[in-house]
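This briefing concerns a predicted model. The points below are grouped by topic and may be read alongside the structure.

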Amino acid sequence: SRSACCLIHFSGDEEDICMSSNICSTETPTDEPTSKPTTDPTSRPTVTPTDIPTDKPTDKPTNKPTDIPTDTPTYEPTLSPTACGARKWYIDPDTEICSNAIPDNTTTINLYFETFGDCCYYTNGQPYSDEESGYMQCSSGQYNECCENEYSTWYFYETTCTNEPIVSIPGDEPEEYSSRSACCLIHFSGDEEDICMSSNICSTETPTDEPTSKPTTDPTSRPTVTPTDIPTDKPTDKPTNKPTDIPTDTPTYEPTLSPTACGARKWYIDPDTEICSNAIPDNTTTINLYFETFGDCCYYTNGQPYSDEESGYMQCSSGQYNECCENEYSTWYFYETTCTNEPIVSIPGDEPEEYSSRSACCL
């Protein structure tokens, strides 16, 4: 933990004593960055438009030109197009699903949603995090133009058109296409849903009856957390370092069959820290208001929710305590001058010291 790391190296786990970095929370960055940065940085940096437009046109023009061109050409490009993170969600009047595409001049949108979750719930859907694409998806469907742009290249794998990147053997690379339609027209003589067998990583579709014969060689390291139907017969060898303050009068003879999985937890404002939390409250804490989504809770604290690529969890500019993230990154390390729970690839024989908590590291 952080405490274990802090107690050893800083003789205390207070914020002003222990220099630490928690991947699960927004903290002030250290003045002395780690000398052992990750060798596997994120492939999705934050998209920020440039202050000055490019002097040369793109060599990859859009394959979706506007249906109604303007009367006169645009002589100067837009200085600050809307970045993906700042886009609002709305119900597409044609497809009746959530979309963040920029509407054309002929479409009138009367209702915008602050978060994707709000839009998804409005369509009676359930939002969830898709590990493969790295984007949120909705059980009732969605069109995420940011995701579509990131995965704009399509491939043909024997029987299926897909935009999911797959590691291939050199010399055996799949055929590439600029769009789903281009792939479908070549291999299925049409791009209608009942003609072209396709798989879009950015949308919820009915799975194919014939899965790809070239599955990914790099599956996700974070599978969906689902509690087992039958409790374990043996206690865990890693008990919690946060036992309840008030134990029950009598012991529990049978473990809980279905503990609350992380994805099903509700968010609330912690009365002590005044930040969003999804920790299970103890018996002495009364919570009067729960939020359906993390975004709703974050906005309630006047914060801005955003996706953190390093941890894989949503974070809030006003702070949050995500017990699911804390449990996933429960091991803390000491890197020369800093206690952190961020996993870093190290050289064999030069592994960092490990601790069970931040306090242990700081002390």
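Helix α1
- Serine 11 follows α1 and has a positive phi, near 55°.

Nonpolar core
- The largest nonpolar core has 11 residues in all.
- Its members are Ala4, Cys5, Cys6, Cys18, Trp332, Phe334, Cys339, Tyr355, Ala360, Cys361 and Cys362.
- Two or more residues of this core come from each of α1, β18 and α7.
- In soluble globular proteins, nonpolar side chains tend to be buried together.

Contacts of cysteine 339
- When residues up to four places away in sequence are not counted, cysteine 339 touches Cys5, Cys6, Phe10, Cys18, Met19, Ser20, Ser21, Trp332, Tyr333, Phe334, Cys361 and Cys362.
- Cysteine 339 is itself one of the residues of the largest nonpolar core.

Open sheet
- An open sheet of 4 strands, with mixed pairing, runs in the order β4-β2-β3-β7.
- Its edge strands, β4 (112-113) and β7 (142-143), each pair on one side only.
- Strand β3 (residues 98-99) pairs with β7 in the parallel sense, over 2 bridges.
- Opposite serine 99 stands tyrosine 143, in β7.

Methods: Residues numbered from 1 in each chain as written. Predicted model: local features only at pLDDT ≥ 70, side-chain atom pairs only at ≥ 80, totals over all residues. Heavy atoms only, no water. Pairing = 2+ DSSP bridges. Core = buried A, V, L, I, M, F, W, Y, C linked by side-chain atoms within 4.5 Å. Buried < 20%, exposed > 50% of the residue type's maximum accessible area, 1.4 Å probe, protein only. Contact = heavy atoms within 4.5 Å.
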